[in-house]
Amino acid sequence: MNYVKTTVLQSANKVLPVFVLIAVIFAVYFNGLSGPFLADDYPNIVDNNGALLKQLKLDDLQGAFSSGPSGARRPLAHLSFALNYYFAGQKFDKVAFKLTNVAIHVLNSILVFFISKLLIRAATPNLPPAKLAFVVALIWAVHPLQVSTVLYVVQRMTSLACLFTLGGLLVFLHGRLGIGKSNGLFWMILGSLGGSGIGFFAKENALLLPLLILVVEVSLLPRPIEKVDVNKLKGFYGCLVVLPAIIGCIYLVWHPEIVLRDYQVREFTLFERIMTEFRVLIYYLSLLFYPDNTQLALFHDDFSISKGFLQPITTLYSCVLIVFLVGLAILNVHARKMPFLSVAVLWFFAGHSMESTIYPLELVFEHRNYLPSIGVVFGVVVLIYQAFAGVIAASLLNALYAGIVVSLGLATYTRATIWGRLDSFAYFEVRNHPDSPRTNSIYANALELKSGPNLETYRHYLVASRLNTYEVASLMEVYMELNRLSHFHDPAQDKADSGLPKTYDDELILDSRYMGALKALLHREIIRRINARTYPLRTVASLRNAANCLIDRHYECLEIAADLNEWIDAALAQPDFFDVAMIYVIKAKVVFNQGNIDRAFEYMDKAIELSPRRMYFYAEKAHLLITLSKFDQAEQVLLSAEQLNVANGFDKQEFAGLRKIISTELSNATP
């Protein structure tokens with residue numbers, strides 16, 4: 001009987017941490033489940049026809065697998081979005097999407113628990129592995145820095161990649177800790193290649209798994225004694241870490257355009273990005289150790305760019321600190337001292353080695369810490385135990401851990417609650433980051449959704465346009481909001497003594513003549529910005545949105561055709577404009593809407609000539625032909641596109657939709 005009771009208690013102790021993790025995570029994130037879709041959720045999910053999974057057939061699933069706007073990139077994440085849509089009753093139920101994200105976060109936290117327990121037991125047998133692993137998993141799970149990964153639906157790409165990375169690491173450890181067994185090396189290879197290979201289809205940074213495995217190896221794992229086992233390790237790391245790293249470096253040197261070409265759409269250079277990332281990495285560490293909710297945000301586009309080591313001087317300080325930390329960790333690895341400090345430092349910087357180095361990504365995002373933060377939390381929790389165990393009472397140490405968990409959990413609960421409504425999200429984002437252009441735009445949009453066109457919305461769009469004079473997106477929003485306000489303005493309320501504005505950002509006065517002059521100044525400033533920088537990233541999207549607004553005959557766009565044509569022509573006048581092919585498509589749609597059919601197809605054919613493998617262009621051309629009731633020609637365009645054999649799931653969904661329109665039109669035309 002005692003044996004049975006002991007067995008039951010042991011089983012309960014094993015599963016209890018898992019149930020506590022599940023309960024705590026859902027408790028702190030529950031209020032955030034009703035929050036809105038945001039930013040990149042729209043092109044990747046809500047406005048992505050490829051996510052509209054209607055049935056669980058192989059062809060449909062294959063289509064959803066490649067349904068992302070960027071084609072084959074991150075197909076596993078896009079398949080998950082499509083399945084979310086299907087099982088949510090074929091609708092974009094934000095609660096269902098966010099609940100799935102929370103569930104993935106739960107799975108990741110459980111994996112962190114089991115991996116931590118294995119590593120602590122392997123590195124320092126005299127520590128309590130289950131207790132410390134549970135604290136590690138709990139602190140990581142409820143840290144407020146994870147909110148933007150969990151509640152920002154599109155960042156399922158990050159959490160899914162982390163899931164397979166951690167799963168691969170767990171499988172690797174199963175083999176590595178039994179390397180003397182006949183199948184030990186097999187499990188090591190399977191974990192490394194399987195975790196990084198599958199995770200890659202969710203997000204590219206899963207390819208860092210072999211590097212993270214190397215960090216764990218040199219920091220924590222006991223060195224094998226048998227020569228045959230030593231040779232296994234040398235072969236494993238030589239083939240899976242060293243050789244791929246050499247090949248990757250050679251390939252980048254041979255093809256530098258892979259990195260450099262996308263800098264044309266950024267407002268910073270390669271050198272400036274590297275300089276800035278020194279400060280960014282230290283900023284990330286500060287948020288990990290002191291996660292002030294007033295500092296946390298979805299966007300950090302108010303983070304200044306470093307122009308050199310001394311501009312600002314904190315760039316140099318950050319660089320010195322990073323070199324010191326990495327150097328200290330390497331020295332400790334060599335001396336086999338302070339392994340948990342080494343793994344914390346090396347895991348963190350290895351985890352950032354893809355997104356925070358040379359690649360021309362945006363400078364700062366909190367979700368990039370999702371995987372790297374695991375090593376920091378793991379190392380710090382164990383270091384605290386090593387520092388205080390035996391010095392203070394166990395109850396006081398437990399209270400310290402509990403205090404950390406509770407304070408972080410409350411911060412996450414508060415932040416998740418704020419994310420639970422668009423109003424509160426937008427308000428606190430702009431309050432905490434008033435110099436962020438995107439945050440001001442989000443707040444302006446939230447105000448308009450709530451109250452319609454208003455002066456406060458106009459003011460925040462204007463603030464956004466002043467904060468980033470590099471791009472025209474927010475400036476076009478100012479232009480459109482002015483049109484909305486003008487539409488509802490009563491000329492009888494005009495003021496005879498209002499005068500005229502001198503610059504585009506002069507104070508807005510609700511007077512017909514004044515607003516007309518202000519609109520002309522805004523138009524001139526948009527042209528100036530397009531001419532000043534030939535490659536702003538968001539200009540193409542802004543021109544496309546304006547064209548669609550005109551074509552869909554929204555009231556604020558009814559009279560923008562002349563100005564829009566000048567904006568488009570300004571872009572086309574620059575031969576090196578970013579994505580000039582798309583500009584030709586936009587121009588084609590605008591002139592088609594104005595009745596210039598022949599010129600529209602000239603522009604459309606020019607776009608296809610410049611970028612013949614972009615299926616979207618064929619779909620747009622077919623749509624124009626369908627509008628003219630030229631169904632046979634439209635079908636020929638679709639067939640010619642399909643013959644290129646590059647259509648992804650997103651494209652196939654578009655083609656199927658167009659064919660459905662053709663079929664319906666033909667059926668209606670049949671007597």
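Ala88 is found in the loop between helix H4 (75-87) and helix H5 (94-123), where helices are DSSP runs of H or I of at least four residues, numbered from the N terminus. This is a predicted model, in which local features need pLDDT of at least 70 and side-chain atom pairs count only at pLDDT 80 or more, while totals for chains, interfaces and linings use all residues. Residues are numbered from 1 along each chain as its sequence is written, and side-chain values use heavy atoms, with hydrogens and water left out.

Is Ala88 buried or exposed? Ala88 counts as buried because its relative accessibility is 12%, and buried means under 20% relative accessible area, exposed over 50%, and partly exposed in between, with a 1.4 Å probe and protein chains only. Once its neighbours within four places in sequence are left aside, Ala88 is in contact with Asp93 and Ala96, contact being heavy atoms within 4.5 Å. The loop between H4 and H5 also holds Gln90, which counts as partly exposed because its relative accessibility is 31%. The phi of Gln90 is near 55°, a positive value in a residue other than glycine.

Most residues other than glycine have a negative phi, and most peptide bonds are trans. Ala39, in the loop between helix H1 (2-29) and helix H2 (41-46), is not a glycine and yet has a positive phi of about 45°. With a relative accessibility of 34%, Ala39 counts as partly exposed. The loop between helix H13 (270-289) and helix H14 (314-335) contains Ile313 and also Pro312, and the peptide bond from Gln311 to Pro312 is cis, with omega near 0°.

Helix H11 (residues 227-254) has 28 residues and reaches 38 Å from its first C-alpha to its last, which is close to the 40 Å expected at 1.5 Å a residue; the expected span is 1.5 Å times one less than the number of residues. Where is the kink in H11 centred? A kink of about 40° is centred on Gly238, the bend at a residue being the angle between axes fitted to the seven residues ending there and the seven starting there. An α-helix has 3.6 residues a turn, so residues three or four places apart point the same way. The buried residues of H11 are Asp229, Leu233, Phe236, Tyr237, Leu240 and Val241, and these pack against helix H8 (156-176), helix H9 (184-200) and helix H10 (209-219).

Helix H20 (residues 455-467), with 13 residues, reaches 18 Å from its first C-alpha to its last, close to the 18 Å expected at 1.5 Å a residue. Among the buried residues of H20 are Thr457, Tyr458, His460 and Tyr461, and the buried residues of this helix pack against helix H18 (422-432), helix H19 (437-451), helix H21 (473-488) and helix H22 (512-532).

Rolling a probe the size of a water molecule over the atoms shows where empty space is left. On a 1 Å grid over the protein atoms alone, a cavity is a set of points where a 1.4 Å probe fits but cannot get out, and a pocket is an open set with protein on both sides within 12 Å along at least five of seven lines, while lining residues have an atom within 4 Å of a point. Grid points are joined across faces, edges and corners, and a volume is the space filled by probe spheres set on the points.

By this rule there are 2 cavities of 30 Å³ or more. The largest cavity has a volume of about 100 Å³, and its lining includes Val112, Leu166, Trp347 and Phe378. The elements that give two or more residues to this lining are H5, H8, helix H15 (339-351) and helix H16 (372-388), and H5 supplies the largest share, 4 residues. The lining of the largest cavity divides into 9 nonpolar, 2 polar and no charged residues, where Ala, Val, Leu, Ile, Met, Phe, Trp, Tyr, Cys and Pro count as nonpolar, Asp, Glu, Lys and Arg as charged, and the others, Gly among them, as polar.

The second largest cavity holds about 50 Å³ of space, and H8 gives the most to its lining, with 4 residues.
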